Amino acid sequence: MDSSSQEAAGWLNATITTSSTTRALTINDKDGSSGDEYDTADSGDAPDDTVYMNSSTNLYVIDDDGDLTIVEGYDDIKGYLESSAVDGILVFYDGSVVNDIFVFGGTWTTEGTYALYIGKYTTSSDTYYRFYLDGATVAYTSSVSMPTMTTRSLYSLEVSSGDITAISEEMAYGAAQEIIQSRTDYFTTSNGTFYYDDDVVVYDYTEGNAEATLSGGDYVVYALEDGMVAAIYIVTDPASTGEDTSSNSDITISNVRIGGSDGRLLFTASPSGKTVYVVVEYFANSGYTTLLEVSCEITGAEQAVSSRAYTAGDYRVYFYADENHEELIDTFYLESTYAGA
């Protein structure tokens with residue numbers, strides 16, 4: 001997070017709630033009574049007007065032990081309700097858009113350790129691995145050697161202070177199984193019949209991790225504990241993508257920068273001969289706007305995304321392994337200082 005272009009709403013001892021209709025961030029005063037929409041504690045400034053969350057808003061929840069959970073995007077943050085017992089809330093906003101919310105002494109409740117991998121992104125300081133976990137999109141760093149990661153594969157995680165300390169694959173996306181028959185507490189595939197308890201929620205990757213009900217013809221990845229299903233996700237049929245699901249994750253992207261004498265976007269990737277699909281977004285007016293979508297065949301040496309020059313500003317660059325932009329390889333946040341010719 002770069003706060004140089006942001007304003008802080010200040011330290012707040014408050015209840016944080018969200019509105020599912022307006023996406024407005026509402027912070028009430030400490031005792032929960034009505035009054036000003038924002039109420040500062042001993043220091044800090046509150047915004048004059050209502051501020052709103054969007055898909056780029058991040059919630060950082062730091063508990064009393066220093067453990068960190070990052071929740072990405074309004075659709076997941078809207079389920080978060082914090083009590084007034086937190087040590088403080090710090091909000092960074094730009095104009096009317098909330099960029100980051102930090103909750104200290106709070107908790108993000110999760111029951112499971114099983115998570116569906118959905119991609120990663122790299123900042124100047126670290127790499128973050130993104131997962132669907134118990135209905136939320138979360139991002140973690142890692143202090144261990146990561147396995148070859150495949151989007152839509154199910155993993156078992158151990159996390160401490162927002163950092164992955166152990167990881168193992170439960171079921172690869174390429175091994176997803178088709179549902180032959182489904183009832184409220186079990187489903188049948190060609191591998192057998194599998195039962196699960198009422199507290200196991202089915203999530204649908206194809207519908208943005210929405211809660212779902214299993215139907216015949218669905219493809220699923222799942223984890224078992226003592227013979228019972230502990231986590232289950234609906235995914236697309238691996239065969240329908242027309243892709244080698246075991247090989248997409250071997251594409252690596254590095255040295256992504258806006259450089260040279262002409263402000264072009266440069267990168268290095270491997271292995272040679274494969275194709276990556278690049279989306280370039282520009283940050284302006286409190287949000288990102290897509291500037292370019294293009295495919296690039298990997299040469300093995302540093303290469304330019306296109307001949308386009310990127311003038312001074314902030315950019316977000318996605319690299320995908322497929323034309324439909326479903327298999328995210330990596331994400332980079334860049335700043336250009338190029339003043340133009």
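This is a short tour of a predicted model, stop by stop.

**The whole chain**

Start with everything shown. The protein has 341 residues, and 47% of them count as buried. Colour by secondary structure: there are one helix and 27 strands. Now think about contacts between residues at least 6 apart in sequence. Of these, 55% join residues at least 24 apart. The accessible surface comes to about 16100 Å², and carbon and sulfur atoms account for 41% of that.

**Stop one: strand β4**

Select residues 58-62. This is strand β4, and five of its five residues are buried. Show the side chains. Asn58, Tyr60 and Ile62 point one way, while Leu59 and Val61 point the other way. Both groups are buried.

**Stop two: serine 153**

Pick serine 153. The residue lies in the loop between β10 (136-142) and β11 (154-160). Is serine 153 buried or exposed? Its relative accessibility is 0%, so serine 153 counts as buried. Next, display what surrounds this loop residue. Leaving out residues up to four places away in sequence, serine 153 touches Ala115, Leu116, Tyr117, Glu169, Met171, Ala172 and Tyr173.

**Stop three: a three-stranded sheet**

Move on to β14, β15 and β16. These three strands form an open sheet in that order, with antiparallel pairing. The edges are β14 (181-182) and β16 (192-195), each of which pairs on one side only. Select residues 186-189 for β15. Two bridges hold the antiparallel pairing of β14 and β15. Look for glutamine 181, which stands opposite threonine 188 in β15.

**Stop four: a five-stranded sheet**

Now build a second sheet on screen. Its five strands run in the order β13-β19-β20-β17-β18. The sheet is open and its pairing is mixed. At the edges are β13 (177-178) and β18 (210-212), each pairing on one side only.

Zoom in on β17 (residues 202-204) and β20 (residues 228-235). Their pairing is parallel, over three bridges. Valine 202 stands opposite isoleucine 232 in β20.

**Stop five: the nonpolar cores**

Isoleucine 232 belongs to the largest nonpolar core, a set of 28 residues. Which residues touch the most other members of this core? They are Phe187, Leu214, Val220, Val221, Tyr222 and Ile232. Strands β8 (114-122), β17, β19 (219-225) and β20 each supply at least two core residues. β20 gives the most, with six.

Centre the view on phenylalanine 187. Setting aside neighbours within four places in sequence, its contacts include Ile179, Gln181, Leu214, Val220, Val229 and Ile232. Phenylalanine 187 is also in contact with Phe194, Tyr196 and Tyr222. Show those rings together: ring pairs link Phe187, Phe194, Tyr196 and Tyr222 into a cluster.

There is a second, separate core of 27 residues. To find it, select Val51, Tyr93, Tyr129 and Leu133, which are among its members.

**Stop six: aromatic pairs**

The structure holds 17 aromatic pairs. Finish with two of them. First, take phenylalanine 283 and tyrosine 288. Their centres are 5.1 Å apart and their planes lie at 70°, an edge-to-face pair.

Next, select tyrosine 310 and tyrosine 315. What is the angle between their planes? The planes are at 85° and the centres 5.3 Å apart, so this pair is edge-to-face too. These two residues count as buried, with tyrosine 310 at 1% relative accessibility and tyrosine 315 at 3%.

Terms used
Residues numbered from 1 in each chain as written. Predicted model: local features only at pLDDT ≥ 70, side-chain atom pairs only at ≥ 80, totals over all residues. Heavy atoms only, no water. Pairing = 2+ DSSP bridges. Helix = DSSP H or I, 4+ residues; strand = E, 2+ residues; numbered from the N terminus. Buried < 20%, exposed > 50% of the residue type's maximum accessible area, 1.4 Å probe, protein only. Contact = heavy atoms within 4.5 Å. Areas by Shrake-Rupley, 256 points an atom, 1.4 Å probe, with all protein chains shown as cover. Phe/Tyr/Trp six-rings, centres within 6.5 Å; stacked < 30°, edge-to-face > 60°. Core = buried A, V, L, I, M, F, W, Y, C linked by side-chain atoms within 4.5 Å.
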